[in-house]
Amino acid sequence: MEPLAQGFGLVEGPVWDDQRGLVFSDVLAGGVYVLDGDGRVGTLFPHRKGVGGMVQHAEGGMVVSGREISFKPHPRGATEAGATVQLLDRDPERGNVGYNDITADARGRVYAGFLGNSPVFQDGRAPADGGLFLIDVDGSARQVASGSGLTNGLGFSPDGRVLYHSDSRVRTVWRYDVAADGSLSEKAPFVVTDTGVPDGLAVAVDGSVWVALAGGGHGVATFAPDGSARGFLRIPVPMCTSLCFGGRDLRDLYVVSGSEGSGSERGGAVYRTRVDVAGLPVPVARVRLAR
């Protein structure tokens with residue numbers, strides 16, 4: 001594992017952008033950043049805290065999570081970015097205090113995991129279940145899954161027929177069958193982790209599922225499509241939070257971490273290693289932007 005950038009609180013939401021490089025967030029300290037091909041880190045969107053997941057949008061910008069799901073346009077040259085567009089609000093009265101990991105399917109629909117309480121910001125609520133929302137391309141949204149203890153990583157199988165979903169509270173990666181309209185079947189266990197808790201995840205072209213192990217997991221576990229263990233990649237710190245495939249051939253594996261257990265409040269980092277299988281490109285979102 002090659003360390004590329006350090007000095008962050010809780011790194012999350014890594015996304016590969018062919019034009020810019022690796023895009024990632026700092027949940028605790030705030031901000032969305034870009035690590036370019038020369039190893040320089042620049043700020044893409046300043047200040048915003050709580051971004052646990054991101055996907056690119058077809059209109060040029062990012063869909064980001066947090067207190068709500070929003071579209072943020074990329075800055076134009078040296079000017080400020082355009083206005084933020086809210087796509088899906090939270091609903092605390094109904095047990096939805098915000099959103100964590102998100103992903104998009106081949107049609108450009110966005111799946112977003114919602115939280116029953118904040119795992120990192122004190123919100124005065126006892127631990128509560130969350131679930132998944134689907135934002136369709138016309139901008140409409142509906143809940144498609146419930147009963148997630150602590151929603152985390154999301155990723156589709158190569159044929160798009162299975163959605164994988166990390167639930168950190170019960171150390172389980174769930175699998176759902178995906179219908180043509182985006183609806184999901186009842187969840188079924190794909191794998192239960194015994195070291196660390198499943199956090200962010202990504203899927204490779206061969207159907208293998210790569211899962212970041214937080215809570216002392218120290219790295220990324222890989223599983224075959226049948227759920228059998230395949231391998232493990234270790235990072236130097238215990239709080240492994242997420243990962244994505246990048247580079248021109250999608251065989252650069254980027255792994256990100258948090259500060260917990262590192263000995264520093266700014267111990268979160270970005271690592272990279274070459275792997276033998278390419279990752280699946282994550283589709284861009286195509287949900288309507290009602291400005």
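The following legends describe close-up views of a predicted model of one protein chain.

**Figure 1. Overview of the chain.** The secondary structure of the predicted model comprises 24 strands and 0 helices. The radius of gyration is 17 Å, close to the 19 Å given by the globule rule for 291 residues, so the chain is as compact as a globular protein of that length. Along the principal axes, the C-alpha atoms fill a box of roughly 45 × 40 × 40 Å. Of the 291 residues, 57% are buried. The accessible surface comes to about 12500 Å², and 47% of this surface belongs to carbon and sulfur atoms. When contacts between residues at least 6 apart in sequence are considered, 45% of them join residues at least 24 apart.

Figure 2. Strand β22 covers residues 240–246, and strand β23 covers residues 252–257. The two strands run antiparallel and are joined by 6 bridges. How many of the 7 residues of β22 are buried? The count is 7 of the 7, so strand β22 is largely enclosed by the rest of the structure.

**Figure 3. Two residues with positive phi that are not glycine.** Most residues other than glycine have a negative phi. Leu250 has a positive phi, near 55°, and is a residue other than glycine. Leu250 is found in the loop between β22 and β23. Its relative accessibility is 16%, so Leu250 counts as buried, a term that applies under 20%. His47 likewise has a positive phi, of about 75°, although His47 is not a glycine. The position of His47 is in the loop between β5 (41–45) and β6 (54–57). Is His47 buried or exposed? With a relative accessible area of 69%, His47 is exposed.

Figure 4. The structure holds 14 salt bridges. One of them joins the side chains of Glu2 and Arg272, with a distance of 3.1 Å from N to O. Glu2 belongs to strand β1 (residues 2–8) and Arg272 to strand β24 (residues 268–274), so this pair ties together parts that are 270 residues apart in sequence. Glu2 is partly exposed, at 39% relative accessibility. Arg272 also counts as partly exposed, at 26% relative accessibility.

Figure 5. The side chains of Glu68 and Arg48 meet in a salt bridge of 3.2 Å, N to O. Glu68 lies in the loop between β7 (61–64) and β8 (69–73), and Arg48 lies in the loop between β5 and β6, so the pair ties together parts that are 20 residues apart in sequence. Glu68 and Arg48 are both buried. In another salt bridge, between Asp105 and Arg109, the closest N and O atoms are 2.7 Å apart. Asp105 and Arg109 are buried as well.

**Figure 6. A nonpolar patch on the surface.** Which residues form the nonpolar patch? The patch consists of Leu28, Val120 and Phe121, which together have about 220 Å² of accessible area. Phe121 is placed in the loop between β11 (110–115) and β12 (130–135). The relative accessibility of Phe121 is 34%, so this residue counts as partly exposed.

**Figure 7. The surroundings of Val211.** Val211 is located in strand β19 (residues 209–214). Its relative accessibility is 0%, so Val211 counts as buried. Apart from neighbours within four places in sequence, the residues in contact with Val211 include Ser166, Val173, Pro198 and Asp199. Also among its contacts are Gly200, Leu201, Gly219, Val220, Ala221, Phe223 and Leu243. By contrast, Arg142 lies 27 Å from Val211 in space, C-alpha to C-alpha, and the two are 69 residues apart in sequence.

Methods. Residues are numbered from 1 along each chain as its sequence is written. This is a predicted model: local features need pLDDT of at least 70, side-chain atom pairs count only at pLDDT 80 or more; totals for chains, interfaces and linings use all residues. Side-chain values use heavy atoms; hydrogens and water are left out. Patches are made of residues with over 30% relative accessible area and no salt bridge: like charges are joined within 9 Å, nonpolar side chains (Val, Leu, Ile, Met, Phe, Trp, Tyr) within 5 Å. Accessible areas come from the Shrake-Rupley method with a 1.4 Å probe; for residues, only the protein chains shown count as cover. A salt bridge is a side-chain nitrogen of Lys or Arg within 4 Å of a carboxyl oxygen of Asp or Glu. Helices (H or I, at least four residues) and strands (E, at least two) are DSSP runs, numbered from the N terminus. Buried means under 20% relative accessible area, exposed over 50%, partly exposed in between (1.4 Å probe, protein chains only). Two strands pair if DSSP finds at least two bridges between them. The radius of gyration is taken over C-alpha atoms; the globule rule is 2.2 Å times the number of residues to the power 0.38. Contact means heavy atoms within 4.5 Å.
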